[in-house]
Amino acid sequence: MTLPLLHDRLALTTAQQTLWQVFESKVEAYTETHYRQKPVLPSPEDAAPHQIGRMVDNLQNRLAALEEVEAAAKTLYASLAPGQQKTANQMLLLAIPTFAAVAGGPNQPAEEGRRKGGKPEGGMRSHRGAGPGGMGGGAGL
């Protein structure tokens, strides 16, 4: 799914176009944030905690950009008619890049750190949950 395809499927009104443009610019900024970051790779010259700190910085920057996408999506979604919302429910998430790591890639072994069901081990949960500002399982979108 691409943003132009989603745009076409939503059949936005003139009034909704401005909100779409804001949403689209936030998705583009999120994408640019990902691609301009230098990957964090192991290095004998760089202390391990510093390497991890750089990884945290990268993820925090991406999260901040994604939260801006979320805010723009909420505003756009609120302006949509029920039929458009149904289309958004089915397609909006698919138009946002996830940049998922390939299983077994250089930064993540295929099965290490996973348990049945694909959830991380150790009971870790998202800090966002269903509270204010969080996606809460997608109920807001």
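At 19% relative accessibility, D46 counts as buried, where buried denotes under 20% relative accessible area, exposed over 50%, and partly exposed the range in between (1.4 Å probe, protein chains only). The model is predicted, and local features therefore require pLDDT of at least 70 and side-chain atom pairs pLDDT 80 or more, whereas totals for chains, interfaces and linings use all residues. Residues are numbered from 1 along each chain as its sequence is written, and side-chain values use heavy atoms, with hydrogens and water left out.

The side chain of D46 meets that of R54 in a salt bridge, with an N to O distance of 2.6 Å; a salt bridge is defined as a side-chain nitrogen of Lys or Arg within 4 Å of a carboxyl oxygen of Asp or Glu. R54 is found in helix α3 and, with a relative accessible area of 27%, is partly exposed. Helices (H or I, at least four residues) and strands (E, at least two) are DSSP runs, numbered from the N terminus. Apart from residues up to four places away in sequence, R54 touches P39, V40 and D46, contact meaning heavy atoms within 4.5 Å. The C-alpha atoms of R54 and P39 are separated by 8.9 Å, the two residues being 15 apart along the chain.

E68 is partly exposed at 42% relative accessibility, and K26 is partly exposed at 27%. A further salt bridge is formed by the side chains of E70 and K74 (3.6 Å, N to O). These residues, E70 and K74, are 4 residues apart in helix α3 and so are separated by about one helical turn. E70 is buried, with a relative accessible area of 8%, while K74 is partly exposed at 32%.

Side chains of opposite charge can pair when their charged atoms come close. R62, located in helix α3 (residues 48-79), is buried yet has no salt bridge, and the nearest side chain of opposite charge, E67, is 12 Å away. For this assignment, Lys and Arg count as positive and Asp and Glu as negative, while His and the chain ends are not counted. Contacts of R62, excluding residues up to four places away in sequence, are made with Y30, T33, H34, Q37, T98 and F99.

The largest nonpolar core comprises 21 residues, and those with the most contacts inside it are L6, L10, W20, F23 and L80. Elements giving two or more residues to this core are α1 (3-10), α2 (14-36), α3 and α4, with the largest share, 6 residues, coming from α3. Such a core is a set of buried Ala, Val, Leu, Ile, Met, Phe, Trp, Tyr and Cys residues joined through side-chain atoms within 4.5 Å. W20 touches L3, L6, H7, L10, L12 and L76, not counting residues up to four places away in sequence.

In the loop between α1 and α2, A11 has a phi near 50°, a positive value in a residue other than glycine. A11 is exposed, with a relative accessible area of 55%.
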